[in-house]
Amino acid sequence: MSADAMKAAARARSNIALVKYWGKAPGKLNVPAVGSISITLDALWSDTELIFDPAFAADEFMLDGKHRPDQLARISACLDILRDLAGIGARAAVVSRNNFPTGAGLASSASGFAALVSAAARALGLELAPRELSIVARRGSGSAARSIFGGFVEMRAGSAADGRDSYAEPLLAAAEWPLDVVVAVTATGEKEVASGSGMMRCAQSSPFYPAWLETHPADMALCREAIRSRDFEALAEIAEASCFKMHAAAMATRPALIYWNGVTLECIGRIRQLRKSGVPVFFTVDAGPQVKAVCAPGARGAVREALAELPGVVRIIESSLGPGVETRECNS
Ligand code: DP6
């Protein structure tokens, strides 16, 4: 390693959307077609260490001990933005580790890109405000813009041609409305259709996509209000509705995008039954088969037990809400 190598590390948590991001605005800046609202999870994270070194010939990326050249284009594009800002051309070696299954609908690209841009900005000595980091993270993955922040987070779609107003911002810190999340893992392995390509195919061929766009702002308003007033039942209703609507639009895509398996549906049924019987819990599912049950902290044990006993649930992951991205010096 050269004497003028620049290093830093970051930990970013994954997040799950309660009102979904699904669809992109035209252009190459990865601006979402709709806003979204998410919660950041404490227990699911990406740890990323990064070194810029003038002696490196090209960017390199390792994830969970394996070289991933397939991810390099998106990674280098984010690093290029930061290199331009710093006026530095050095290539980078990026080593990242997820403490949860990658690419299976647990938002590994969200935590991954949030950690990447935060570590890179720190290594380059750029003092970027969280909003600026969120804009750069968005270029890597739309949902990553939200993982810069902790607690409840809103992503604004924005309307500026250069994407300057397409960023995330915090709504409520984790401690202001502590909720827990119980994830039922129903399948491991990477998903067949990544969310980015899925949403683009959906926009092209799903007859329900225009309705998705048209009804989305009202969902955002209801969700914001449910969070502001800490109204669990209202949050449950809007989050489940947004999730069903996204998946309905996805299923009507040609060819169909079916992210669920049979166990996914069993979990959804069980969670809705629990809520009917008075347990404060609701579900959400992203572009994969895992089910995330969001509950009041006192209900966590009952939710875990109910999901763990369902045949086909291979693993349970539990989390409370977590903080935004953290960076540190890197000595390795
Ligand atoms: C279903 O952020 O993975 O999880 O911007 O193409 O990287 P890209 O998409 P990505 O999409 C996430 C979609 C979702 C809903 C959500 O997280 O809001």
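How many bridges join strand β8 (residues 180–185) to strand β10 (residues 291–295), and in which sense do the two strands run? The answer is 5 bridges, with the two strands antiparallel, and the legends below place this pairing among its surroundings.

This is a predicted model, in which local features need pLDDT of at least 70 and side-chain atom pairs count only at pLDDT 80 or more, whereas totals for chains, interfaces and linings use all residues. Residues are numbered from 1 along each chain as its sequence is written, and side-chain values use heavy atoms, with hydrogens and water left out.

**View 1. The open sheet around β8 and β10.** Strands here (DSSP runs of E, at least two residues), like helices (DSSP runs of H or I, at least four residues), are numbered from the N terminus, and two strands pair if DSSP finds at least two bridges between them. In this view 4 strands form an open sheet in the order β9-β10-β8-β11, with antiparallel pairing. Its edge strands, β9 (281–284) and β11 (315–320), each pair on one side only, and the twist averages 25° from one strand to the next.

View 2. β9 and β10 form a hairpin with 6 residues between them, and they pair in the antiparallel sense over 4 bridges, with C295 in β10 as the bridge partner of V281. Of the 5 residues of β10, 5 are buried, where buried means under 20% relative accessible area, exposed over 50% and partly exposed in between, with a 1.4 Å probe and protein chains only. Both faces of β10 are covered, with V291, A293 and C295 on one side and K292 and V294 on the other.

View 3. Helix α6 (residues 232–251) lies across β9 and β10 and runs at about 20° to β9; axes are lines fitted to C-alpha atoms, for helices over the stretch in contact, and angles run from 0 to 180 degrees between N-to-C directions. Helix α8 (residues 300–308) packs on the sheet, touching β8, β9, β10 and β11, and its direction makes about 160° with that of β11. I268 is found in helix α7 (residues 262–276) and is buried, with a relative accessible area of 3%. Not counting residues up to four places away in sequence, I268 touches F244, W260, F283 and V285, contact meaning heavy atoms within 4.5 Å.

View 4. Helix α2 (residues 108–123) has 16 residues, which at 1.5 Å a residue should span 22 Å, and its end C-alpha atoms are 22 Å apart, in agreement; the expected span is 1.5 Å times one less than the number of residues. Of the 16 residues of α2, 14 are buried, and just after this helix G125 takes a positive phi of about 75°. α1 and α2 pack at an angle of about 30°, with their axes 10 Å apart. At this packing, R74, I75, C78, L79 and L82 in α1 meet S109, F113, L116, V117, A120 and A121 in α2.

**View 5. The largest nonpolar core.** A nonpolar core is a set of buried Ala, Val, Leu, Ile, Met, Phe, Trp, Tyr and Cys residues joined through side-chain atoms within 4.5 Å. The largest one has 38 residues, of which L50, F52, L79, L82, L116, V117 and I148 touch the most other members. Among the elements that each supply at least two residues of this core are β1 (6–19), β2 (36–53), α1 (72–86) and α3 (130–140), while α2 gives the most, with 9 residues. Leaving aside its neighbours within four places in sequence, F52 is in contact with residues including M6, L79, R83, A120 and L124. Apart from this core lies another, of 36 residues, among them V182, V193, V281 and A306.

**View 6. Strand β6 between β2 and β7.** β6 is joined to β2 by 4 bridges, the two strands running antiparallel, and F152 in β6 is the bridge partner of I39. Another 4 bridges join β6 to strand β7 (residues 168–172), again antiparallel, with M155 standing opposite A168 in β7.
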